[in-house]
Amino acid sequence: MGWKKEVFGTLENGAQADKYTLTNDNGLTAVFTNLGGIWLSMIVPDKAGNMGDILLGRDTMDGCLTLSGHLGEIVGRNANRIGDATFTLNGITYALGINSAGRNNLHSGPDYYRNRLWDARVEEIEEGTRLTFSLFSPDGDQGYPGNAEIAVSYTLTKDNGLRLDYRMKADADTVANFTNHAYFNLAGHDSGDVLQQKVWIDADYFTITDKDSIPTGEFVPVKGTPMDFTQLKAIGQDIDSDYEPLIFAKGYDHNWVLKHPPGELALSLKAVDENSGRVMEVYTDLPGVQFYTGNMLDGMGKNGVEYQARQGYCFETQYYPDAVNKPQFPSPFLKAGEEYRTTTIYKFIVQN
């Protein structure tokens, strides 16, 4: 168990970005950079004991800054989409950047947290090695109210988990809805499409959207539709079905309504690659997850691999998209002085 720090690159202003490598006693390795708090690599064993990197990503600082897809990024203050790039809080309407479908806001862009150097601290704790990235976000940053203190911890645990703990406090009522945009391919980041890998989602409903991926506010049962992952199912089984939500999104890119009680950290998702024997369990206390099959994925990845559509998938735990404008959805609003605290764990298992 341990960690090391190396130089990742130098920004135009001369500031240095660093790379942090965490390793546990079982040989699992997780790599991060303080540029955006980005999760760069996740190296885990297969059933034959061979180690492989199952996280899509970039291996240069320039790639992280310039290439699309949000690979491995911490996304905030609000993950996912906000309709018409506006929301109203305490009678005041806030305008955000328009960077999706010509009218909406996506991942709080275009001034993303990925382009900023975060403060970093590493410590050994009972559970394993914890790397904490922290950021000050001033009032008006990205259009949101309130000065905010943000901290995101990654802990590589002794039992082969990667635990993400998100914290935020602000001095005004504001929005807090963070996620990580990691793309997984349990066969290896360079192994091609993920359509044979299987997924289970503990959800009986999803939030159906319009053609621009903004929820209508309606909860639609997954039963009898291609959105049903209540039993472990190959990603490719229904992905090309003649079903309007899938046609709009060119595959899966939707929010599922998780069944666990509000605020309870619970096993909510699972992914299985039968060939390698790699299994990933996802635990979260958040109410929703965006399951995205990389439908728009492209660009150069690590080791010169050219990533293409459907070569990775995301489990973005979250409050539902456009929840700021949908009072029937669990609320992502954070009261001044209160603390936003949420946890998601990706646990890696091998089965023969």
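**Starting from one loop**

Author: Happy to! Let's begin with Gln308, which sits in the loop between β26 (306–307) and β27. Keep in mind that this is a predicted model.

Reader: Okay, found it. Is Gln308 buried, exposed or partly exposed?

Author: Gln308 counts as partly exposed, with a relative accessibility of 48%. The cut-off for exposed is over 50%, and buried means under 20%, so 48% falls in between.

Reader: And how far is Gln308 from Ala323?

Author: Their C-alpha atoms are separated by 30 Å. Along the chain, Gln308 and Ala323 are 15 residues apart.

Reader: Buried or exposed?

Author: Asp212 counts as buried, because its relative accessibility is 18% and the limit for buried is under 20%.

Reader: Which residues does Asp212 touch?

Author: Leaving out residues up to four places away in sequence, Asp212 touches Arg81, Ala101, Arg103 and Asn104.

Reader: You mentioned β18 and β19. Which sheet are they in, and what's the strand order?

Author: They belong to an open sheet of 5 strands, in the order β19-β18-β21-β24-β27, with antiparallel pairing. β19 (215–221) and β27 (314–318) are the edge strands. Each of those two has a single partner strand, so one side of each is left without a neighbour in the sheet. From one strand to the next, the twist averages 30 degrees.

Reader: Can we zoom in on one pair? How many bridges join β21 and β24?

Author: Strand β21 (residues 253–258) and β24 pair over 5 bridges, in the antiparallel sense.

Reader: Which way do side chains point in a strand, by the way?

Author: In a regular strand they alternate between the two faces of the sheet.

Reader: Which residues in β2 are the bridge partners of Lys4 and Gly9?

Author: Lys4 has Thr21 as its partner, and Gly9 has Ala17.

Reader: Switching topic: what's the volume of the largest pocket?

Author: The largest pocket has a volume of about 570 Å³. Its lining holds 27 residues, and Arg81, Leu106, Asp253, Tyr292 and Met296 lie nearest its centre. The elements that give two or more residues to that lining are α2 (244–249) and β24 (288–292).

Reader: How does the lining split into nonpolar, polar and charged?

Author: For the largest pocket, it divides into 9 nonpolar, 11 polar and 7 charged residues.

Reader: And the second largest pocket, what's its volume and what lines it?

Author: The second largest pocket has a volume of about 340 Å³ and is lined by 22 residues. Nearest its centre are Gly263, Asp285, Leu286, Pro287 and Tyr319. β29 supplies the largest share of the lining, 4 residues. By type, the lining has 13 nonpolar, 4 polar and 5 charged residues.

Reader: Last one: how many cavities of 30 Å³ or more are there?

Author: There are 3 of them, and about 70 Å³ of space lies in the largest cavity. The residues lining the largest cavity include Ile38, Leu40, Cys64 and His70. β4 (38–45) and α1 (61–66) are the elements that give two or more residues to that lining, which divides into 5 nonpolar, 5 polar and 2 charged.

How values were computed. Residues are numbered from 1 along each chain as its sequence is written. This is a predicted model: local features need pLDDT of at least 70, side-chain atom pairs count only at pLDDT 80 or more; totals for chains, interfaces and linings use all residues. Side-chain values use heavy atoms; hydrogens and water are left out. On a 1 Å grid over the protein atoms alone, a cavity is a set of points where a 1.4 Å probe fits but cannot get out, and a pocket is an open set with protein on both sides within 12 Å along at least five of seven lines; lining residues have an atom within 4 Å of a point. Grid points are joined across faces, edges and corners, and a volume is the space filled by probe spheres set on the points. Ala, Val, Leu, Ile, Met, Phe, Trp, Tyr, Cys and Pro count as nonpolar, Asp, Glu, Lys and Arg as charged, and the others, Gly among them, as polar. Two strands pair if DSSP finds at least two bridges between them. Axes are lines fitted to C-alpha atoms, for helices over the stretch in contact, and angles run from 0 to 180 degrees between N-to-C directions. Buried means under 20% relative accessible area, exposed over 50%, partly exposed in between (1.4 Å probe, protein chains only). Contact means heavy atoms within 4.5 Å.
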